[in-house]
Amino acid sequence: MDSATASTTPPTSRAPESASEQRLAVGQTPSTDAAADDPVIIAKPPARRSLARRMMAIAAVWIGVLLLAGGFALDRTLVRLVEGNFDEQLEYVQTALITSAEIDSFGDVQLYRSLGDQRFLEPNSGVYWQITGEGHQPFPSRSLWDRSLKVQGDHFDNEPHFYNSDQFEDEPLRIVERTVILPDSDTRWTFAVASARGELDYQIIRIRSILVWSFAVLGLGLMAMAMLQSWYGLSPLRRVRDAIQAMRTQGTNRITEPLPIEVEPLVDEINALLTHTEQQAEEARMHAGNLAHALKTPLTVLTNAATAHDPRLSDLVCRETKTMQRHVEHHLARARAVGRRASGHARAEVWPSAESVLRAVTRIYDQTRFDLDGNRDAAVTMERQDLDEILGNLIENAAKYGGGSVFVTIDADRSAEQCMIWIEDDGVGIPESERTRIFDRGARLDTGKPGTGLGLAIVRDVIEIYGGSVELGESEDLGGLLVSLSLPRSAL
């Protein structure tokens with residue numbers, strides 16, 4: 001049993017890949033002058049990106065953001081704390097000043113007791129107080145000497161009002177004001193206490209200097225820790241690199257070194273890739289050996305006939321070259337299937353493929369009745385060209401060796417894990433004892449019809465490459481041969 005694959009597989013055309021290829025196809029020759037005028041553009045190699053540098057950059061940005069935010073928040077907190085303590089001292093003096101004030105017989109304010117801080121008695125000591133009332137002369141502390149405070153007495157402050165002032169040259173002040181109406185007086189008296197900001201500003205500068213240096217040292221320490229973490233964290237990748245280098249130089253074929261669980265999936269994929277590569281290399285060696293063995297006998301026959309000057313040499317050449325051609329076509333078909341499988345993401349819809357094959361076969365066997373049924377949405381993990389070749393071989397065989405009826409059922413069992421395709425005919429079938437041998441290369445049960453004996457062998461090899469299987473049985477409906485294909489179902 002056999003098929004002529006080229007007659008049933010839908011033809012495909014190849015378009016020229018570029019405009020220059022089209023010009024060459026019609027006999028035009030590219031101009032050497034134009035080629036010489038075109039500038040030669042040398043593509044720059046892509047920049048190598050470092051995973052360690054990327055991790056360090058992310059760590060540096062994050063550490064910088066955290067340190068800046070934390071430093072700003074801590075600076076605001078400490079500055080407010082120092083200023084609050086400074087303001088509490090001014091408010092304490094102001095409260096003492098208010099409790100010591102009274103109205104004399106002339107309606108002016110006076111102190112019935114002096115404040116305990118002797119600096120208010122020293123001229124230009126840096127601490128001052130002043131009582132101001134509308135219609136009255138300001139009542140200043142002796143430390144003001146010949147100066148006076150310019151208070152903001154145009155409003156009424158029930159609570160202490162703090163603000164900074166630069167009214168004294170080279171002596172910025174911190175002032176607290178409060179408006180009070182004393183007993184036996186209707187005047188609004190403004191009690192102001194001022195202190196030079198020199199000590200306060202020095203404390204703030206000192207705090208900020210400590211913060212800057214502390215956070216700088218902390219940032220450097222964190223960056224050093226990030227560098228150490230990056231170096232130590234990426235050490236498993238270096239071990240993987242050393243293991244791969246050992247495979248190349250020492251002949252090992254697997255990565256067996258224990259590695260962290262985060263790297264294990266990568267190592268498993270590498271080992272799986274190595275296994276796949278070894279399988280492909282082994283398949284290539286096996287097919288090369290099989291092809292060499294298959295060509296050895298025809299070449300020996302031709303060599304012996306030529307040496308002996310056999311008068312039938314021309315017939316022998318024709319016969320043996322056909323044999324060699326069959327073997328070469330068989331191994332080329334397997335090589336193409338392996339190459340297309342290696343490309344990945346293969347997917348083919350079964351119904352359109354079967355329809356296209358049936359249209360081609362119907363033109364050859366116009367007396368045969370073909371029925372197509374099943375799941376129109378079925379798809380398998382296989383290249384469309386390989387699926388066309390498989391169905392073409394089997395459907396043409398059914399038409400060639402059947403009695404005039406061919407049934408094709410797609411996805412016969414939709415609950416199955418794989419897609420089942422049944423091809424039935426009403427011929428004499430194949431004895432059970434011959435169903436295994438019929439898949440051998442060159443095996444034919446009916447030598448009266450033309451063929452090479454490679455159709456079913458190619459079908460089996462291509463299906464097995466994609467992880468499927470093919471079985472032969474007896475059709476319950478037609479009584480002839482039942483070919484059952486089991487192909488991997490596409491999940492897309």
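A salt bridge is a side-chain nitrogen of Lys or Arg within 4 Å of a carboxyl oxygen of Asp or Glu. The model is predicted: local features need pLDDT of at least 70 and side-chain atom pairs count only at pLDDT 80 or more, whereas totals for chains, interfaces and linings use all residues. Residues are numbered from 1 along each chain as its sequence is written, and side-chain values use heavy atoms, with hydrogens and water left out.

**Exercise 1.** Determine which residue forms a salt bridge with Arg208, and where the two partners lie.

*Solution.* Step 1: the partner is Asp75, and the closest N and O atoms are 2.8 Å apart. Step 2: Arg208 belongs to helix H5 (residues 198-233) and Asp75 to helix H4, so the pair ties together parts that are 133 residues apart in sequence. Helices are DSSP runs of H or I with at least four residues, strands are runs of E with at least two, and both are numbered from the N terminus. Step 3: Arg208 counts as partly exposed because its relative accessibility is 37%, while Asp75 is buried at 11%. Here buried means under 20% relative accessible area, exposed over 50%, and partly exposed in between (1.4 Å probe, protein chains only). Step 4: Asp75, Arg76 and Arg208 are joined in a network of salt bridges.

**Exercise 2.** State how many salt bridges are counted, and describe the one between Glu171 and Arg147.

*Solution.* Step 1: the count is 13 salt bridges. Step 2: in the bridge between Glu171 and Arg147, the closest N and O atoms are 3.8 Å apart. Step 3: this pair links distant parts of the chain, 24 residues apart, with Glu171 in the loop between strand E5 (161-165) and strand E6 (173-181), and Arg147 in the loop between strand E4 (139-140) and E5. Step 4: Glu171 is buried because its relative accessible area is 17%, whereas Arg147, at 24%, counts as partly exposed.

**Exercise 3.** Decide whether Asp201 and its salt-bridge partner Arg197 are buried or partly exposed.

*Solution.* Step 1: the closest N and O atoms of Asp201 and Arg197 are 2.7 Å apart. Step 2: Asp201 has 25% relative accessibility and therefore counts as partly exposed. Step 3: Arg197 has a relative accessible area of 9% and is therefore buried.

**Exercise 4.** Locate Asp87 and name the residues that it touches.

*Solution.* Step 1: Asp87 is in helix H4 (residues 51-100). Step 2: at 11% relative accessibility, Asp87 is buried. Step 3: leaving aside residues up to four places away in sequence, Asp87 touches Phe162 and Arg174, where contact means heavy atoms within 4.5 Å.
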